Amino acid sequence: MVQDFFLLMRSELMLILIIFGLLFLKLGNARLKNETVMNMVNVVLIATLAMGFLVKDTGMIFGNMFHTTDLIRLEKNILTLGTLIISLQSYQWLKAHKHAMEFYLLLISTLLGMFFMLSSANLLMFYLGLELSTIPLAAMVNFDLHKKQSSEAAFKMIVSSAFSSALLLMGISWMYGIVGSVSYSAIAAAISGSPLEILAFVMILAGFGFKISAVPFHLWTADVYEGAPIPVTSYLSVISKGAILFVFITVLYSVFRSMGDTWYYMLYILSVATMLIGNLFAMRQQNMKRFLAFSSIAQVGFILLGISGQSVASSTSLIFFVLIYIFSNLAAFGVVSLVSSAYGKEKVDDYKGFYQTNPLLAWTLAIALFSLAGIPPTAGFFGKFFLILAGAAKGNWLLITIAALNMIISLYYYLRVVKAMFMDHNAAPLEKINTPLSPKIALIICIVGILITGLYSGAYEYIYSLVS
Amino acid sequence: MVPVSHILLLSTALFFIGMYGLFTRRNMIALLMSIELMLNSININFVAFNKYVWPGQLDGIFFTIFIITIAAAEAAIAIAIVINLYRSHLSIDVNDAAELKH
């Protein structure tokens, strides 16, 4: 049905429009200013976002390989919103870059891959989406072409993502051998928890673990985050991770539902290890990007705790948390990116006395860090609260206690930055930064998002109604 | 006919030889070759399952075709990154690209 095709795939088609538009502009050797390209892409992204909210529909196309529901549409909208914020934030960095158009080509391609991944009802479709979203990302990590660190990070990224895809594929191939099909519904109907199935599942879990950087598989994360340009780092830590988490929960809850008792203990161990090691390593970091990298590892630990609850509340709290996490982490990265592009400084010590010269930016960073730490008036508190509540459904109080203690540990390193900005005295603090319009809009969206989702419960209830 | 267990043994061995290469080699191109080895072992696995266990459908073969294509795309990007890395480091040894630590 042609109508179905256009309606169900409208977000994807919009992105394809951007990709081909940019490609033809590039081929036609159009001499556009970087600002023009950015504004064009931002307008089309806003249109995509608006279209995503417009019509509600559910359906399957491509021989049941691609499906869309209202929940998936909401997840796509969350990712589009995040990409829009990052696109606004990258203004200062891309303004003078020689290859701004290629950057947007790669960025939108990865977003398209994530959309296909979210809509997949089949492991083949999932794999294609996954690779479409990771291969261009490695090229984006290398976008500071003359920096040594950038290419080193890109190589680490592509090797580790190829290795994790290989593990994932090995698991999928065994699953195919057992079931005889790669569609989600067929696998869900056929598996019973035999040892061979558990072997295949462990391999698939390891592949996912790499992508969400859960602890035994996290070693690439900090290096890649530090070496990549800051907008790409924020994209990696928020959008790409969020998309994989959305798919992870679909795969666990609908495909491997009958093995729930088996994977509960796997997630338990992963969650405890991820929280602890992420927190302990975040404490000793001096570089802001590396510090945010380890903090994002620790956040994944809390998310895994929420997922282990296996209920409607778990899916809801995960999606809600990713929404909040997009706002808070992007606000933090936005300020770090402004400071870095103005002065090239990324150390925590450089932020000493930041409040004296840049009060507004200091408050923005402080609110973002409070939200990441989970301090009540901000949205981060409710995100963590719902995750832990969902995890508590299993009645495993030891796990909940460990999580609560980890939240206290995490306060140390988040507040260390706040202390440096507000309380430490510095004879020569960073001078006042002039914020251009588009990063300003991005920061305002983030702060408003943090405060509104924190004070108003509508978002959580809306997601809950879609999940159940 | 060759029994399926022989083929699965071959593919598993190839997979772990590739993994061993990935962990021990120091040359970046050799790392990429190891990854290709792992992906090809998965292709063997898919084709074997398709032929022996589930004849009469083509899911495994399709998957193999897509894996081959994507492996080529991955190698293209990876080699582009290695070339760019060579320009700044003048080496493709993993030990020489060790600026990011702790």
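Predicted model: local features only at pLDDT ≥ 70, side-chain atom pairs only at ≥ 80, totals over all residues.
Residues are numbered from 1 along each chain as its sequence is written, and chains are lettered from A and ligands numbered from 1 in the order in which they are written.

**View 1. Helices α17 and α20 of chain A cross at roughly 40 degrees.** The axes of α17(A), residues 359-373, and α20(A), residues 437-455, come within 11 Å; helices here are DSSP runs (H or I, at least four residues) numbered from the N terminus. That angle makes α17(A) oblique to α20(A), the word for angles that are not under 35 degrees (roughly parallel), over 145 (roughly antiparallel) or 65 to 115 (roughly perpendicular). From α17(A), A:T364, A:I367 and A:S371 meet A:L443, A:I447 and A:I450 of α20(A), where contact requires C-beta atoms, placed from the backbone, to lie within 7 Å. By class, this contact has four nonpolar, two polar and no charged residues; Ala, Val, Leu, Ile, Met, Phe, Trp, Tyr, Cys and Pro count as nonpolar, Asp, Glu, Lys and Arg as charged, and the others, Gly among them, as polar.

**View 2. Helix α15 of chain A, residues 312-343, has end C-alpha atoms 46 Å apart.** This agrees with the 46 Å that its 32 residues should span at 1.5 Å a residue, the expected span being 1.5 Å times one less than the number of residues. Because 27 of the 32 residues are buried, α15(A) is largely enclosed by the rest of the structure; a residue is buried if 20 or more other C-beta atoms lie within 10 Å of its own, exposed if 12 or fewer, and partly exposed in between. Just after α15(A), A:G344 takes a positive phi of about 70 degrees.

**View 3. Chain A and chain B are in contact through 32 residues of chain A and 33 residues of chain B.** On the side of chain A that touches chain B, α7 (123-141), α8 (148-179) and α11 (219-227) each supply at least two residues, and α8(A) gives the most, with 17 residues. By class, that side of chain A has 18 nonpolar, nine polar and five charged residues.

**View 4. B:L37 lies in helix α2 of chain B, residues 28-53.** With 19 C-beta neighbours inside 10 Å, B:L37 counts as partly exposed. Leaving aside neighbours within four places in sequence, B:L37 is in contact with B:L14, B:I17, B:G18 and B:G21.

Methods
Axes fitted to C-alpha atoms, helices over the stretch in contact; angles between N-to-C directions. Contact = placed C-beta atoms within 7 Å.
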